[in-house]
Amino acid sequence: MDSASFIIIALGIVAFAVLSGRLSATSLTPPLVFTAFGLMLGEAGFGLAPMGFEHGFVHTLAEVTLILVLFSDAARIDVGALKTDHTLPIRMLGLGLPLTVVAGTAAALILPLGLSVWDAALLAAILAPTDAALSQAVVTARAVPARIRQALNIESGLNDGISLPIVLFFACLADASHNLADRNWIQFIMLQITLGPLVGYGVGRIGGWLVERAVQAKWMEEAFQGPAILALAFLSYALAGQVGGNGFVAAFFAGMVFGRHLRGQCGFVFEFADSQGQLLTLLTFLLFGAAVLPEALTAVSVPMLLYVMLSLTIVRMVPVALSLWGTGVHAETRLFLGWFGPRGLASLLFGLFVVEDMASPFAHDILMITLLTVAGSILLHGMSAAPLARIYGAAMAAHKDGGRAEAEHREVTEFPLRLGRLSRRLMRGEDQGLT
């Protein structure tokens, strides 16, 4: 890219930032706007940012973004609050997530995609995580009961870290099934999913202790707390790679342990990670539109489109409905929570990093289906978020007036995740949001 491209991108970010408050309750979500912006700038549009799919900057940005997202999301986990107030996301993560992987695998095998069992399972696992940022109008709409908003927010913040070991496991099995001469895949899997957490635990424990002591003793200036967080995230990633573990798993575990050490006094973690992560996320979706999506659009086929539609509907909605059985929530709530499982940043980054190193002959098809699913989710979930939030909110208000929505309107504690400062203010009712 030349200087003119950087100027256009910078102006686009400034323009969106200026209007972000006005757009927050509309169908124009940040991922939708920046994917479309990138599509216009790339070779499929005006050719102002002619970066190819294999461009090193695309992968570097994606790598940095995923490390920060995994670490910062995990740092916000409060297991005690989850057990006490948030039974809905626990059900969706504990039952809905594995059932979604099973359903996605079955759909991939039924459709004429030509995938093996392990390739189908890998595709389903990559598309299992959700991204609340793609339907921000839902999780910031005061018309939607707080318990339901928090359920979607918590699920999307935790399922990327939970899904990652599953993705790695199926990726190893898919690779081994096509390379029978390689007998070291069991050892590789064990190293990836054991050394990563161990390194992450060590870095998070020591780093959290150091930062906690420095903050209490007033040795650390607040301006340097944020950079320390970044350094710990990347330290865990790099150390895990040195010993044969998975760096992304290490970053997630490091964030989890780090957040537990600073529980109640790490507001700076959220603010710093939000500001840095928001910019990285916007750039990632911009490059998705400019450099990645055009290749997926050229590879599209009818079976691929059928899988995309199934993945965004039945494959997600039926498992979520089953996981919420017996919780007392209405059928409308089960449908609402099932539909708003958008596939976004985690699926995109998992696809880029896991599939590119595979020897499977179906690796390219898996990546293309992943990219098409993310693109479809950006459009469908983004456009439907605001109107469906209003419709669902009105239905829940009517149920509440009739005394029939106790489960939905049960009070819960706030569980802040990767939505930004504006979104958390909206969730606390400090802004108007959707009414």
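How many cavities of 30 Å³ or more does the structure hold? The structure holds seven of them, a cavity being a set of points, on a 1 Å grid over the protein atoms alone, where a 1.4 Å probe fits but cannot get out. Welcome to a predicted model, in which local features need pLDDT of at least 70, side-chain atom pairs count only at pLDDT 80 or more, and totals for chains, interfaces and linings use all residues. Residues are numbered from 1 along each chain as its sequence is written, and side-chain values use heavy atoms, with hydrogens and water left out.

**The chain as a whole**

- The chain has 18 helices and zero strands; helices (H or I, at least four residues) and strands (E, at least two) are DSSP runs, numbered from the N terminus.
- Of the 435 residues, 56% count as buried, where buried means under 20% relative accessible area, exposed means over 50%, and partly exposed lies in between (1.4 Å probe, protein chains only).
- The accessible surface comes to about 17800 Å², and 67% of that belongs to carbon and sulfur atoms; such areas come from the Shrake-Rupley method with a 1.4 Å probe, and for residues only the protein chains shown count as cover.
- Among the contacts in the chain with a separation of 6 or more, 83% are between residues 24 or more positions apart; contact means heavy atoms within 4.5 Å.

**Space inside**

- Rolling a probe the size of a water molecule over the atoms shows where empty space is left.
- The second largest cavity has a volume of about 60 Å³, a volume being the space filled by probe spheres set on the grid points, which are joined across faces, edges and corners.
- Its lining is made up of V58, L61, A62, T284, L287, F288, V292, L348 and L352; lining residues have an atom within 4 Å of a point.
- Helix 3 (56-75), helix 12 (267-298) and helix 16 (345-355) each supply at least two residues of this lining.
- Helix 12 gives the most to the lining of the second largest cavity, with four residues.

**Salt bridges**

- The count comes to two salt bridges, each a side-chain nitrogen of Lys or Arg within 4 Å of a carboxyl oxygen of Asp or Glu.
- One of them joins E155 and R316, whose closest N and O atoms are 2.6 Å apart. E155 lies in helix 8 (residues 146-178) and R316 in helix 14, so the pair ties together parts that are 161 residues apart in sequence.
- E155 counts as buried at 3% relative accessibility, and R316 is buried with a relative accessible area of 3%.
- R213 and E212 also meet in a salt bridge through their side chains (3.9 Å, N to O). Here R213 is partly exposed at 39% relative accessible area, whereas E212 is buried at 14%.

- L95, L99, I314, V318 and L322 make a nonpolar surface patch of about 440 Å². Patches are made of residues with over 30% relative accessible area and no salt bridge, with like charges joined within 9 Å and nonpolar side chains (Val, Leu, Ile, Met, Phe, Trp, Tyr) within 5 Å.
- Helix 5 (87-110) and helix 14 (314-323) each supply at least two residues of the nonpolar patch, and the largest share, three residues, comes from helix 14.

- I148 is found in helix 8 and is buried, with a relative accessible area of 0%. Beyond its neighbours within four places in sequence, I148 is in contact with L88, T333, F336, L337, Y392 and E408. I148 and P89 are 59 residues apart along the chain, and their C-alpha atoms are separated by 9.1 Å.
- L310 belongs to helix 13 (residues 302-312) and is partly exposed at 26% relative accessible area. Not counting residues up to four places away in sequence, L310 touches A107, L111, V315 and R316. From L310 to A103 the distance is 9.5 Å, C-alpha to C-alpha, with the two 207 residues apart in sequence.
- K218 has its place in the loop between helix 9 (185-216) and helix 10 (225-243). Its phi is near 60°, a positive value in a residue other than glycine, and K218 is exposed, with a relative accessible area of 71%.

Terms used
1 Å grid on protein atoms, 1.4 Å probe; cavity = no way out; pocket = protein on both sides within 12 Å on 5 of 7 lines; lining within 4 Å.
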